[in-house]
Amino acid sequence: MHLSATRTGGVAASAALLLLLAPLSYATAAQEPPPEGAPQSGLQKEFAAAAAEYRVPPSVLLGVSYLQSRWDTHAGVPSVSGGYGPMHLTDARTRSPRLAPGDGLVGQAATLTGLSVERLRTDPAANVRGGAALLAAAQRKLGREPSADPADWYGAVAGFSDTDDPAAAKAYADEVYSVIRTGERRTTDSGDALVLPAAPSVVPPAAGPPAAPGAQAAPAAARTAPPGTKDPENPVPRPAECPLSLSCSWVPAPYQKIAGSKDDDYGNHDLANRPDDSDIDYIVVHDTEGYWDPALDAVQDPTGVSWHYTLRPSDGAVAQHVPLKDVAWHAGNWYTNAKSIGLEHQGFLTAPDAWYTEAVYRSSARLVRYLAAKYDIPLDRQHIIGHDNVPGAIPDAVRGMHTDPGPYWDWAHYFELLGRPFTATAGPDATAVTIRPDYPEHRPAYTGCKKKPATDPCPEHGSGAVRLHTAPDPAAPLVKDIGLRPGGQDSTTGVNDLGARASTGQSFAVAQRRGDWTAIWYLGQQAWFHDPADRHTAVGTQAALATPREGLGDIPVYGRAYPEASAYPAGVPVQPVVPLKYRIPAGQSYVVGERTPGEYFYAAEYGKPGRVVRGKEIYYEIQYGHRIGYVKASDVRVSGGPVD
């Protein structure tokens, strides 16, 4: 956002539950960790020196830093919440009662260390010293002596989260200690190889036994609406639907009639009875294109749009706005709205260096794992999608679809945290591939991160997307998107232009291979991406493929899976089944994600749940381009693997 047939449980549900209860810690596949016994890197030595100087256990300092930044320096550029360096020191006035009031973390660290604010922002070693000094100060404020036992620092770690919400501070500290227990090894964006040895016995007394990530949240004061939030139709606060391991609050989106409207309109979501009446098939990842407070203001506007959750990068806190049983207005496609849950992450698509913290990635992953287990949603890129993967419902809607979270969202790391890393499931000659470039090292050029001029290059940055050409040559034109540009204009390198882009985790059928290049079927044409043997940008994948039935020629692609006209009961207006401008020529194949009957959610009467119309026409979801699409089962034959 810029502001199936019914599944059964069985093996899939059991596997999802086991995954949900697993620890949330996975090594980053894209970067090789340092080998055992390797010499300490410069940054590792700086962590050790700062820990010794301020008498902070090294594991605590490393654990806090990992949750803040994954030890990356980001070249001194601030995050989406204004934090700098490996310790994510912020300029904003502190909110934590366990830190000194007034100046931001950078200013306080300057006072404690005698270092300049500028050096604390830009010099990684100074930044780490500042973080150690702040932890030591928080420990003193709690009346505790420095201790060599990491478990004794739980309160100081909670204070470092810089939040005035006790539940958020506890969730933050719990996540840090989860990292300490499981350990981490990683090579940073500056090339430093760091190691945090696992310490599974570290359990702070204040924390108690670690909560299972999937544990159901109990009603609690910290999970109800903060002061000032109102829901006129539901005055009694309700518990947020979150795993117990997250800090969640209930900040309701209003469900109310809009005063003065001519047609008795209401906002800003619809009542429903999901999943009893209709499956939830998708989780849609958005970014807010703005900050936390304005996002919460927007979702509480009855005349606006809505989504289910907002996530804050500074501490990983989560606010829920719409009950999961109900339909939020977030995807720009009514069919997708009815079948999905929307997650907004505070952030900016066109500011690649305004980086996401590890805290928000991990909170989001915990939430998605909980939701996927609750609703039996497969953890793959056919079901965990970006707003930029949602199709336009009709031809005229395609050009206006949103493009967040964009090419800088790290899908590879996200799915590692989900416990579903993108690994090869077929050999090098597979009939399908999954896109998986090395995010930190893969840096395609983009333009248009600043509004004017749109041709200015964006800052060089890691990306999870590959560019698609008409021939196996970097100088060849980019493939065209006839739906996005009906006039046949060329695709561009614009950061918001999805016409010639395939993203990490998306799977496509292979058309052919030539040297270091692979061609996939994409938007009804062959599209080539660079896939050299020494740094592959895709892996072989076993997948079900949909191909037009013999004798049909090309077949239509749809942006929504609506039922046939005869399925609609009296009183429910028939929705036209309108194909997009896209077609699939004979002989082409596309990866299948979901098999579903046509379905339409009809919500017209205020105060009553919408009705679900389900037809006999069966559709397959396919990865057609950067966005998904739908084809009728009667138009295709499917081969090569199981279909959800």
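This talk walks through one predicted protein chain, from its overall make-up to a few local details.

First, the ground rules. This is a predicted model, so local features need pLDDT of at least 70 and side-chain atom pairs count only at pLDDT 80 or more, while totals for chains, interfaces and linings use all residues. Residues are numbered from 1 along each chain as its sequence is written, and side-chain values use heavy atoms, with hydrogens and water left out.

Overall make-up. The protein chain has 12 helices and 28 strands. Helices (H or I, at least four residues) and strands (E, at least two) are DSSP runs, numbered from the N terminus. Of the 644 residues, 59% count as buried. Buried means under 20% relative accessible area, exposed over 50%, and partly exposed in between, with a 1.4 Å probe and protein chains only. The accessible surface comes to about 24,400 Å². Carbon and sulfur atoms hold 54% of that surface. Those areas come from the Shrake-Rupley method with a 1.4 Å probe; for residues, only the protein chains shown count as cover.

Now the sheet. Look for an open sheet of 6 strands, in the order β5-β11-β10-β13-β9-β14. Pairing is mixed; two strands pair if DSSP finds at least two bridges between them. From one strand to the next, the twist averages 25 degrees.

Zoom in on one pair. Strand β10, residues 309-311, and strand β11, residues 318-320, run antiparallel over 3 bridges. Thr310 has Ala319 of β11 as its bridge partner.

Two helices lie across this sheet. Helix α11, residues 358-375, lies across β9, β10, β11, β13 and β14, at about 175 degrees to β13. Axes here are lines fitted to C-alpha atoms, for helices over the stretch in contact, and angles run from 0 to 180 degrees between N-to-C directions. Contact means heavy atoms within 4.5 Å.

Between α11 and β14 there is a loop that holds Gln382. Gln382 counts as buried, at 9% relative accessibility. What does Gln382 contact, leaving aside neighbours within four places in sequence? The answer is Tyr282, Ser507, Val591, Gly593 and Glu621.

Most residues other than glycine have a negative phi, and most peptide bonds are trans. Two peptide bonds to look at. Gly267 to Asn268 is cis, with omega near -10 degrees. Asn268 sits in the loop between β7 and β8. Asp404 to Pro405 is also cis, with omega about 5 degrees. Pro405 is in the loop between β14 and α12.

Then two positive phi values. Ala75 has phi near 50 degrees, in the loop between α3 and β1. Leu523 has phi of about 55 degrees, in the loop between β19 and β20. Buried or exposed? Ala75 is exposed, at 70% relative accessible area. Leu523 is buried, at 12%.

Last, the disulfides. There are 2 in the whole structure, each a pair of cysteine sulfur atoms within 2.5 Å. Cys242 joins Cys248, S to S 2.0 Å. That link is left-handed, with -100 degrees about the S-S bond. Cys449 joins Cys458, with the sulfurs 2.2 Å apart. This link is right-handed, at 100 degrees. Cys242 and Cys248 are both buried, and so are Cys449 and Cys458.
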